[in-house]
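Student: Please show me how to read this model, one feature at a time.

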Amino acid sequence: MPSTTTETVKPVAHEVVLIEGDGIGPEIAAAVRLIFEAAAAPVRWTPAIAGGRAFAAGVATGVPAETVDAIERARLVLKAPLETPVGHGGKSANVTLRKLFEMYANIRPVKELAGITTPFSGRGIDMVIVRENVEDLYAGIEHMQTPDTAQALKLITRRGSAKIARAAYELARREGRSRVTAVHKANILKLTEGLFKRTVEAVGAGYPDITTDHMIVDACAHKLVVAPEQIDVAVMTNMNGDILSDLAAGLVGGLGLAASANIGDHAAMFEAVHGSAPDIAGRGLANPTAFLQAGLMLLRHLGEARAAARIEAALALTLSEGRVLTGDLARGKVEAASTMAFAEAVAANLERVDPAALPEVTAPAGADAASTQAPTPALPDRITVTTRDDVGFDLFFEVENADPAELGAEITALAEGSPFRLKHLSNRGTAIWPGAVSRTELTPHWRARFVRRADAAAGFDDAAALALIGKVGARHRWMHVEKLLVTDGADGFSRDQGEA
């Protein structure tokens, strides 16, 4: 006879790699685990190490092979703050993790929290900053070109820009948002930031249900302070995003409450934005709110939006009532609670959350129709050009106390007999020779722009260019060379200030 007993089917637990991190990391990780367990969140933790403990054990990258293997398997990480100790360890373990798994999208929600009062409270701030996470100056390619001149290479690719743009538009569509703003500095950096802006606009054309606009990064910083409620989804390059996401966090309570996600095609990692705070480690003083918010982002990424909403409601109740707060929030208004006492208060408030008051877990209004009308566009392949030509090269070299007229005459003479002529000399991005007298303060760091002579054969003569570099190098130390590319008639190089 069939049983009439109704059994509750437990949800399948998702495997998540938990990196407890350094400093206050183990404390806030324990707090979040307690809350997740109280909420019966369907997560199965796999502990792993990275950061300070790994460096101390002699792991040069700060990320042991066992941790990499665990992430390869689970593809999900909840990571507490890591430190890079002085004296051992080089690259940041945080950056290593992002790079190893190509977590190209950094997602930073910025939204007012119940019970957190700031000068911007009540403004309705609810934005998402989507930051490219692996390119730009964060490629970390730097050189001391002279003892007094440093160079960093800013690398922006069409493919990388397209991927982060699509992440921004997909997020906007998924959350029912209406506008994506490309934030850039293309008015000055016309090639790198310009490529980013153009690529975002090209990807945006595939999302007719979402408005695309753009904003110069300094204007965006101003907008964040005077009218932050007007920003919806903002997508930007790595350094711009690093700076503006921290600024935006300050509007709603600061980095101590902020969380972020690092999303790639192969793995996703969720973390608190703040550091490891070794000065208060082990004392039960840390606020676990940011790490808990990272956990909520993880749950929503897993499709466990109902569980996330319940925990979020319990957190809001705890913060708004203000009876149990860690010291950074209590500020003398109530007796400061420990990290675990705060977590226990959130866990207890789970029972006070009315399930009927939780938002329904449905797709945003119109999302299905929008998806039907405008399916996710494919990322663009490499651009196809009809013509391309290397028309010359820039040579960077070092000369102390040079007279521009004498140096120009010398380099011009060295180029005689070659298929290249010296077009001009520049110093710190300003054309110095030939031309009017410049008031630019000269440094030993010079750039010679050589272009192909009008009577020279078409194409780039590598042997002749190397020979000319050798002639200059016989007199002055050179350190860097760049070919000047023209594609379909458009210059692929910048011009100096004052260049004719």
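**Reading the features**

Tutor: Start with arginine 331, which lies in the loop between helix 11 (327-330) and helix 12. Helices are DSSP runs of H or I with at least four residues, strands are runs of E with at least two, and both are numbered from the N terminus. This is a predicted model, with residues numbered from 1 along each chain as its sequence is written. Local features need pLDDT of at least 70, side-chain atom pairs count only at pLDDT 80 or more, totals for chains, interfaces and linings use all residues, and side-chain values use heavy atoms, leaving out hydrogens and water.

Student: Does arginine 331 count as buried or exposed?

Tutor: Buried means under 20% relative accessible area, exposed over 50%, and partly exposed in between (1.4 Å probe, protein chains only). Arginine 331 has 66% relative accessibility, so it counts as exposed. Its phi is near 45°, a positive value in a residue other than glycine.

Student: What is phi of alanine 277, and where does that residue lie?

Tutor: Phi of alanine 277 is near 45°, again positive in a residue other than glycine. Alanine 277 lies in the loop between strand 12 (268-272) and helix 9. Its relative accessibility is 25%, so alanine 277 counts as partly exposed.

Student: Which residues does a cis peptide bond join?

Tutor: Tryptophan 433 and proline 434, with omega about -10°. Proline 434 sits in the loop between strand 15 (430-433) and strand 16 (445-452).

Student: Now helices. How do I describe a packed pair?

Tutor: Two packed helices are described by the angle between their axes and the distance between the axes. Take helix 10 (residues 305-321) and helix 12 (residues 339-349): their axes come within 8 Å and cross at roughly 120°. Axes are lines fitted to C-alpha atoms, for helices over the stretch in contact, and angles run from 0 to 180 degrees between N-to-C directions.

Student: What are helix 10 and helix 12 to each other?

Tutor: They are oblique. The cut-offs are under 35 degrees for roughly parallel, over 145 for roughly antiparallel, 65 to 115 for roughly perpendicular, and oblique for the rest.

Student: Which residues of helix 10 and helix 12 meet?

Tutor: Contact means heavy atoms within 4.5 Å. From helix 10 come Ala314, Leu315, Leu317, Thr318 and Leu319; from helix 12 come Phe342, Ala345, Val346 and Asn349.

Student: Which residues in helix 12 are buried?

Tutor: Thr339, Phe342, Ala343, Ala345, Val346, Ala347 and Asn349. Their cover includes helix 1 (25-38), helix 9 (289-301) and helix 10.

Student: How many residues has the largest nonpolar core?

Tutor: A nonpolar core is a set of buried Ala, Val, Leu, Ile, Met, Phe, Trp, Tyr and Cys residues joined through side-chain atoms within 4.5 Å. The largest one here has 75 residues, and Val235 is among those with the most contacts inside it. Beyond its neighbours within four places in sequence, valine 235 contacts residues including Val130, Ile164, Phe196 and Val200. A second, separate core of 22 residues includes Ala402, Leu425, Phe460 and Ala465.

Student: Where is histidine 184?

Tutor: In strand 8 (residues 179-184). Histidine 184 is buried, with a relative accessible area of 3%. Not counting residues up to four places away in sequence, it touches Glu193, Lys197, His214, Met215, Ile216, Val217 and Asn240. The C-alpha atoms of histidine 184 and lysine 197 are separated by 6.6 Å, and the two are 13 residues apart along the chain.

Student: And the whole chain?

Tutor: The chain has 15 helices and 18 strands. Of its 500 residues, 48% count as buried.
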